[in-house]
Amino acid sequence: MATDDREWETRAKCRTADPEELFVEGAPQNRAKALCHGCPVQAECLAHALDNRIQHGIWGGMTERDRRALLRRRPTVTSWRLLLQTARTEHANLHRPLQSQTTDRKRPA
């Protein structure tokens, strides 16, 4: 994940979207959330909104209601950026191909 300097915004799928489309209420939120699917910086965006307690708009594929619920469920998280960065690293490590390992097995005689 990028640093907290918001460089990630330049790679966001929504960077060319009309901001009015991202700050909607009700049913149109589903269309706004769909824009986040497949965004390369979805986690950075969500972490930014959670860490800064942004109360309006769609950020990282979550509405303000979604984010409030997440914050209530995880009140001890002090840095969502760090949490999501760690999760991404662990996920990548779990799905990294195993390197060939040589073993010192005895061959059958």
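The points below start with the overall fold and then move to the helix packing, the cysteines and a few single residues.

1. First, the ground rules. This is a predicted model, so a local feature needs pLDDT of at least 70 and a side-chain atom pair counts only at pLDDT 80 or more, while totals for chains, interfaces and linings use all residues. Numbering runs from 1 along each chain as its sequence is written, and side-chain values use heavy atoms, with hydrogens and water left out.

2. Overall fold. The protein chain has five helices and zero strands, giving the pattern α-α-α-α-α along the sequence. Helices here are DSSP runs of H or I with at least four residues, strands are runs of E with at least two, and both are numbered from the N terminus. Of the 109 residues in the chain, 28% are buried, where buried means under 20% relative accessible area, exposed means over 50% and partly exposed is in between (1.4 Å probe, protein chains only). Among contacts in the chain with a separation of 6 or more, 56% are between residues 24 or more positions apart; a contact means heavy atoms within 4.5 Å.

3. H3 is mostly covered, with eight of its 10 residues buried: Ala43, Glu44, Cys45, Leu46, Ala47, His48, Ala49 and Leu50. These buried residues pack against H4 and H5. Just after H3, Arg53 has a positive phi of about 50°.

4. H3 against H4. H3 (residues 42-51) and H4 (residues 64-73) pack at an angle of about 70°, and their axes are 11 Å apart. Axes are lines fitted to C-alpha atoms, for helices over the stretch in contact, and angles run from 0 to 180 degrees between N-to-C directions. That makes H3 roughly perpendicular to H4; the classes are under 35 degrees for roughly parallel, over 145 for roughly antiparallel, 65 to 115 for roughly perpendicular, and oblique for the rest. Leu46, Ala49 and Leu50 of H3 make the contact with Arg67, Leu70 and Leu71 of H4. By class, these residues are five nonpolar, no polar and one charged (Ala, Val, Leu, Ile, Met, Phe, Trp, Tyr, Cys and Pro count as nonpolar, Asp, Glu, Lys and Arg as charged, and the others, Gly among them, as polar).

5. The H4 side. In H4 the buried residues are Glu64, Arg67, Ala69 and Leu70. Their cover includes H2 (28-36), H3 and H5 (80-94).

6. H3 against H5. The axes of these two helices come within 8 Å and cross at roughly 155°, so H3 and H5 are roughly antiparallel to each other. Here Ala43, Glu44, Ala47, Leu50 and Asp51 of H3 meet Trp80, Arg81, Leu84 and Arg88 of H5. This contact has five nonpolar, no polar and four charged residues.

7. What about the cysteines? A search of the whole structure finds zero disulfides, taking a disulfide as a pair of cysteine sulfur atoms within 2.5 Å. For Cys39 the nearest cysteine sulfur is that of Cys14, 6.2 Å away. For Cys45 the nearest is also that of Cys14, at 5.9 Å. Cys39 counts as buried at 15% relative accessibility, and Cys45 does at 12%.

8. Aromatics. One aromatic pair turns up in the whole structure. The ring centres of Phe23 and Trp59 are 6.5 Å apart and the planes are at 80°, so the pair is edge-to-face. For the cut-offs, rings of Phe, Tyr and Trp (its six-membered ring) pair if their centres lie within 6.5 Å, with planes under 30 degrees apart stacked, over 60 edge-to-face and the rest tilted. The partners are 36 residues apart, Phe23 in the loop between H1 (19-22) and H2, Trp59 in the loop between H3 and H4. Phe23 is partly exposed at 44% relative accessibility, whereas Trp59 is buried at 14%.

9. His48 sits in H3 and is buried, with a relative accessible area of 8%. Not counting residues up to four places away in sequence, His48 touches Arg6, Trp8, Ile54 and Trp59. Val24 lies in the loop between H1 and H2 and is buried at 19%. With those sequence neighbours (up to four places away) left out again, Val24 touches Gln29 and Ala32.
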